[in-house]
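Me: I'd like to learn how to read a structure like this one. Can we go through a few features together?

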Amino acid sequence: MTHKDTYRVFREWINRHIRVMAPFITLILLVIFFSITAGRFASIQNVTNILGNSALLLILCCGITMVLLIGEIDLSFAALMTLVSILTAHFLTIFGLSTWTIIPMVLILGALFGLLNGASVAYVNIPSFAVTLATMTIFVGVVVFITEGKPYYDVPGILYYIGNAYIGKIPVLFIVALSIAVIFYFLLRYTIFGRYVYMVGGNKEAARLAGVSVKHIQIWVFVIMGVTVAIAGMLGLGRLGSTQCGTFDTLLIAGIAAVVIGGTSLFGGEGGIVNTIIGVFIWYVLRNGLDLMDMNIYIKEMLTGIILLLALIFNLYIQKRSAEA
Amino acid sequence: MKNDSINPILQMKGISKHYGGVKALSNVDLDLHRGSIHGIVGENGAGKSTLVKIISGALIDYEGGVFLNGERVRFSSPRNAQKKGVGIVYQELSVINCLTVAENVFLGVQPVKGGIISWNKMKEDAQNSLAEFGFSHVDVQKPLSHHRFSIKQTVEIVKVLRLGAQIIIMDEPTSGLSRDEIITLSQILEKLKADGKSIIYISHHLDEVLQFCDTITILRDGKKVDTISAEGCNKRTLVEKILGEKGVYLPSREDNFSVLLRTKEEVGKLNACLRTERLTVSDEFEDVNFEVHSGEALGLYGLVGSGYSSVGECLYGLFPEYNGSIHIENKQVNIDSPVTAKKIGIGYVPEDRIMALVFPEPIYKNITLPYLSKFFKGFFLKFILRKKEEISASQKQIDRMKIKTPNALMPVGSLSGGNMQKVSLGRWLTFQPKLLILSEPTRGVDVGAKVEIISFIRELKKEAVMGFIIISTEPETIMELSDRIMIFSRGKIKAELSGESVSMSRLMEIAS
């Protein structure tokens, strides 16, 4: 094989995997940039930090990825996550339930809330944007009603452990998050359900005319989303050690942004978990790197936005170029 | 005035148009007289729409001359043609349903007073304009979507007249209309005529062409066959002129693939597959009764909008609120969704490939989609995809149907129309359903693929496993494939033809 052949094979491989390669290159560029400009960025302690901080978002983003893949959107997950953390704490503090009663209960509640979203989308035919905007408000309302503005400080021990312990230098929470990502990867890539998710997202009408039950897929995706958010909510409570109104609000934008930066299409059918893992890292590398860069904190938010925009343009540009090649 | 009635308002002399090497029109003449209705008829592809495009200024690159009031003109755009008095009312109306009647009438030319739209004047004028055509009762402040098709059509006509049209081109105006709306249309046409407007009337519905038009020009294969007076002409003569030699065309009952089109007696001996009784979907079709046997192909033929294609959609669960009953193998079934339809053994190849396939995904994923779960065995393993098995099963269909592609991994979107159609068909063949509904199986595919698809379906028919329903507006396709043909007209089965009684001219005569 000549050099030319090797190069051609390499180019073809890149082109086939461009949807993953484009954000991956962005991530590498960011890592190199911050390693040079921010001294402490490349330390082991900092990597541990990034892993620990990104874990919750990664769990959430697995669910979001699936929702985006079928061409829907969920705006209620951050509010639901707060609600779940409040319920967990409330069950523990006020009702005095045991941890092993609370966890399955909360998971089932998460599934039911997901079912509410999914059934509204599938059977009442309301666009998911509107449905989840409404349920978001409901979830926020329930949180306010339960807490009356007061914070909770009690956390089930096991959740606190998962949220804060380390195995060697690796946060347990990150291992849990990565395991969930692996499960999602398997589900999406290697099961019939996963295939249907991609086909429904790629062309809903075609899936329907092939006799695929689009409604069932939509409902299941939202139910899985609900369970994922319930897991994230409980672990979030564990990590922070407390919760109150609006604890996880910032994750709404972060979650959708990370998935989209990773290269999953907002219109469905394209992308996946590998994209999302990369997207989550891009998001946290950016935040963490800017934190360490010793700059005016008032300019940080704006810079984050600008770099995100540039990253998105870069992704799109590379994908377009490879499509033409 | 007298001069006007002799000299045509619009004259076309020696019009020719090529698309690459294909002649769309050659040396066509047409005289349109003031205050008259001139029909243009012909098969699909005979050149009607090309001619209309030239008259309306949408096509500016042609040979020959167009004369308006004796003056040579060459429209530079549809806007330019409109300015000079040529307006067009398309079959797919260009009205905006969510705006009110008045807003539609004045779209782009709202009456303004001091920079502000004067709504009262708009309302009054719209009301008056519609009243002139006998629609005085219409609430012009309601959105157009609340009104019937004929009102939308009238709004379109009013719009065109407002822009100063002397010549109005009407493209297939009756296909969206009910019987009583057609009577209203005839009154509108009479009024336009009385006002001295001239109308070019294009339609497949020959009954109405004969009823409304004064003169009729017949096109065939881009050439003018004849211009005749509608008076004293009957439908059969018209059909003969439209089809020419093709009218006596009969499909080969035997060919290299040795498949016979069966006679009625032969069909009777086959096993029953599907039966419908008084099948009705409101606004689509009513009282449809037929039977399909395994190994038989039943053709449903009609003009666009005659309801024949909705029958296929209904059998595949796309009209869950149908009336009447459907029986599969003599058992009554309730088909409320494509999922149910598939479960009880019905497959469907939709007319539109954009609706059928997931373009960016590989061919094999599109082929395995309908029966995905059947490819994998074992209790738990059933839920897990095995790419190798999928690809080898897909490759079988690719080879069998001669789909031109390097491998099964190529995205479906990279294929040509004909090959996409083969994918859309091939996906039903690994695990065959009891009944396969093919909607427009040869629409928009090239001649080579057409022949391949037709002979392939004939071969499948020979296996006598599946029953087929072939739905098409293309008479050749219907005739090549069907043992029996049901002809639809305005939502009802008008006739059933089989064996020797089938011919192109019979199909056209009954359907139009």
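Me: How many of the five residues of strand β9 (residues 167-171) of chain B are buried?

Reply: Some ground rules come first. This is a predicted model, in which local features need pLDDT of at least 70, side-chain atom pairs count only at pLDDT 80 or more, and totals for chains, interfaces and linings use all residues. Residues are numbered from 1 along each chain as its sequence is written, while chains are lettered from A and ligands numbered from 1 in the order in which they are written. Helices (H or I, at least four residues) and strands (E, at least two) are DSSP runs, numbered from the N terminus. A residue is buried if 20 or more other C-beta atoms lie within 10 Å of its own, exposed if 12 or fewer, and partly exposed in between, with C-beta atoms placed from the backbone. In β9(B), four of the five residues are buried, so the strand is largely enclosed by the rest of the structure.

Me: Which strands pair with β9(B), and in what sense?

Reply: Two strands pair if DSSP finds at least two bridges between them. Strand β6 (residues 86-89) of chain B pairs with β9(B) in the parallel sense over four bridges, and Val86(B) stands opposite Ile167(B) there. β9(B) also pairs with strand β10 (residues 198-202) of chain B, again parallel, over five bridges. Ile169(B) has Ile200(B) as its bridge partner in β10(B). From β9(B) the chain crosses through helix α7 (residues 179-194) of chain B to β10(B), a right-handed β-α-β crossover. Right-handed says that, with the strands pointing away from the viewer, the path from the first strand over the helix to the second runs clockwise.

Me: What is the order of the strands in the antiparallel open sheet of chain B?

Reply: The order is β14-β13-β16-β17 (chain B), four strands with antiparallel pairing. β14 (285-293) and β17 (331-333) of chain B are the edge strands, each pairing on one side only. Strand β13 (residues 272-281) of chain B is joined to β14(B) by six bridges, and Thr276(B) stands opposite Phe290(B) in β14(B).

Me: Now for helices. At what angle do the axes of α7 and α11 of chain A cross?

Reply: Two packed helices are described by the angle between their axes and the distance between the axes. Axes are lines fitted to C-alpha atoms, for helices over the stretch in contact, and angles run from 0 to 180 degrees between N-to-C directions. Helix α7 (residues 157-164) of chain A and helix α11 (residues 214-240) of chain A have axes that come within 7 Å and cross at roughly 75 degrees. That makes α7(A) roughly perpendicular to α11(A) (under 35 degrees is roughly parallel, over 145 roughly antiparallel, 65 to 115 roughly perpendicular and the rest oblique). Among the residues making the contact are Leu159(A) and Tyr160(A) of α7(A) and Met234(A) and Leu235(A) of α11(A); contact needs C-beta atoms, placed from the backbone, within 7 Å.

Me: How many residues does each chain give to the contact between the chains?

Reply: Chain B gives 20 residues and chain A gives 19. On the side of chain B that touches chain A, α12(B) has the largest share, four residues.

Me: Is Ser503(B) buried, exposed or partly exposed, and where does it sit?

Reply: Ser503(B) lies in the loop between β22 (492-498) and α19 (504-511) of chain B. With 19 C-beta neighbours inside 10 Å, Ser503(B) counts as partly exposed.

Definitions and conventions
Two residues are in contact if their C-beta atoms, placed from the backbone, lie within 7 Å.
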